[in-house]
Amino acid sequence: MSERAGLIRRVLLGVAAAILTVVMVMPLTSTETAQSWGLPLMTDKLWFRVATTVAMFVVLSSAWNIIGGMTGYAAFGNVAFFGVGAYSTAFLVANLHVPFAIALLAAPGVAALFAIAIGLPLLRLRGHYFAIATLGVSVAVAEVVNNVEPLGGSNGIFLPIVRSDLLFFYLMAATAILAVAVSWLVLRTRFGYGLLAIRENEEAAAVIGINTTFYKVSAFALAAALTGLAGGVFAQWNVFINAENVFPVDYNVQMILMAVLGGSGTALGPVIGAVTLEALIQAFASGGEFAVWSQVGLGILLATTVIFVPRGILDFFGGQSRLTVQYLRNSLRRTGV
Amino acid sequence: MSTQLALAGVTKNFGGVAALSDVSFDVQAGEILGLIGPNGAGKTTLLNCISGVYRLDAGTITLADQELQGRPAFQIARLGIGRTFQVVKPFPSMTVRQNAAMGAMFGREGKRTPPKQAMEEADAVLADIGLGKRADVLVTSLTIPERKRLEVARALAMRPIVLLLDEVMAGLTPNEVDEALEVIREVNGRGVTIVLIEHVMRVVVGVCQRAVVLHQGRVLVQGATAEVLEDDRVIEAYLGERYAKAHRRG
């Protein structure tokens, strides 16, 4: 069984690596050099928009996974870090004329500091209380930003235009690879074991010597830094930001759904979830009048995933489970429905 | 013998209820001390106070020359207090080996133990405690007695100076109790001081040199185990006044 699972996992990783390589090379066909060689153009505006968005959600769901999946704290307001990162970069670029490359570095820093500040009081809460409190913070921050004049108030901030689909795709993809690499690394270190212990039993974690406050706040700050970095890239990519486009509440739902769908607590689960779900969302969006139903669809998907596939779809590929009627029945029984 | 753990005037209230009032006793280095008393006497509360799960309202707890009261639980653990829980608290998604390794990884002062080394040390502890063959299975497939052993293994992997055991024998068959007694004697033989809460009197008589009896949050009697168990006040606390009188006449 475990040998077979290992084989499946290796094949899966091989296929994923192949797809990733193709996706990473495809955009290069849009360069002038490639075109002058007469290579077929494999990407267009839409391709870049979708691919960069997918990469962005890989970052968001992987980052959420660190606090939500590994540490077990159901953060429901991580979009706050995305917005804080976006505003940090945008403010530096637009108002202080700092070069984008340097302004981008401020995004993870400010987001992490913000996470530490709110994490110290909020991470004392558990379960629903923590979820509601973080959701409240994300809504509150958006309101504050909307009313602070130096941040553009309700007019938002315009950044100097940088026209390069290629640059933003690779920048977001690099951020995504960083987020996945960080997750992979965390799960193999003492730090990661500490987070898992807190998720499984916080009291037991404390009495075997884990500084639970420090670990929780660090996980929250790490998640915030990655989320903030994605926000910083987004700000320059999108050129215009305001409270609406960098603090959308539905991002909170989406990043959680992606991680849970793919397999929360694992390094690759959020990636699989983000790619799968974003594909579904794009399909919904192109469905004309069906687009209205996409929110309903997402809600139903979240509910069914949590009930029937609590460990995510990654678990069927070289994990411990096989997709059978019995598996679904057991999952249903465990939720106590 | 020298004092390893000293409790002086330990007091803990929950709202208006005094769970522990002015509890004072010493634990000698290398001994096995029994902490007994009827249900609700405050035994588990006392363990929670020592291990830092609860904060004291008054009093001091001293390990060697370090004061423990007011410190967070993780620091107390690293200073050398290992404990088990009455209702076991394993990390369910981890294997038996990983569970035990957590103690080695985090529960020691100073040098950090990396995961790989902690896993190796966990194997050694699990072998000692008779769980060696179960190292690779998930905790969820362990029996209750095995889970209790795992609690002890995880605490032992911390290399504690004092080990606090909260009813590790409850629910075990007589054979399993004998095995567990062996484990406790062995651990103690390596120089670990043990404080154990126990309702199974055979265990208390079997391994504890001394016993402290708690009753309604106060120390009722303390001393050599045999004498303590013969004390009329103890019999009365456990069995009620009428039985105690009958016992005296008989």
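This is a predicted model: local features need pLDDT of at least 70, side-chain atom pairs count only at pLDDT 80 or more; totals for chains, interfaces and linings use all residues.
Four elements of chain B each supply at least two residues of the side that touches chain A: helix 2 (73-79), strand 6, helix 3 and helix 4. Helix 3 of chain B gives the most, with 5 residues.

The interface also holds 1 salt bridge. It joins the side chains of A:E203 and B:K89, at 3.2 Å from N to O.

## The interface as a whole

Chain B brings 28 residues to the contact, and chain A brings 21 residues. Together the two chains bury about 2,000 Å². Carbon and sulfur atoms account for 66% of that area. On the chain B side, B:F74, B:F91 and B:F106 lose the most area to chain A. Those residues together make up 29% of what that side buries.

## Helix 5 of chain B

Helix 5 of chain B covers residues 144-156. Its 13 residues should span 18 Å at 1.5 Å a residue, and its end C-alpha atoms are 19 Å apart, so the two values agree.

Buried residues in helix 5 of chain B include B:E146, B:K148, B:L150 and B:R154. What covers the buried residues comes from both chains. Helix 9 (202-207) of chain A takes part. From chain B, the cover includes strand 6 (81-83), helix 3 (96-106), helix 4 (115-129), strand 7 (162-166) and helix 6 (174-189).

## Confidence

Chain B has a mean pLDDT of 92. Of its residues, 96% reach 70 or more. For the complex, the predictor gives an ipTM of 0.91 and a pTM of 0.91.

Note on methods
Residues are numbered from 1 along each chain as its sequence is written. Chains are lettered from A and ligands numbered from 1 in the order in which they are written. Side-chain values use heavy atoms; hydrogens and water are left out. pLDDT is the predictor's confidence in each residue, from 0 to 100. The expected span of a helix is 1.5 Å times one less than its number of residues. Buried means under 20% relative accessible area, exposed over 50%, partly exposed in between (1.4 Å probe, protein chains only). Contact means heavy atoms within 4.5 Å. Buried area is the accessible area (1.4 Å probe) that two parts lose on being put together, summed over both. A salt bridge is a side-chain nitrogen of Lys or Arg within 4 Å of a carboxyl oxygen of Asp or Glu.
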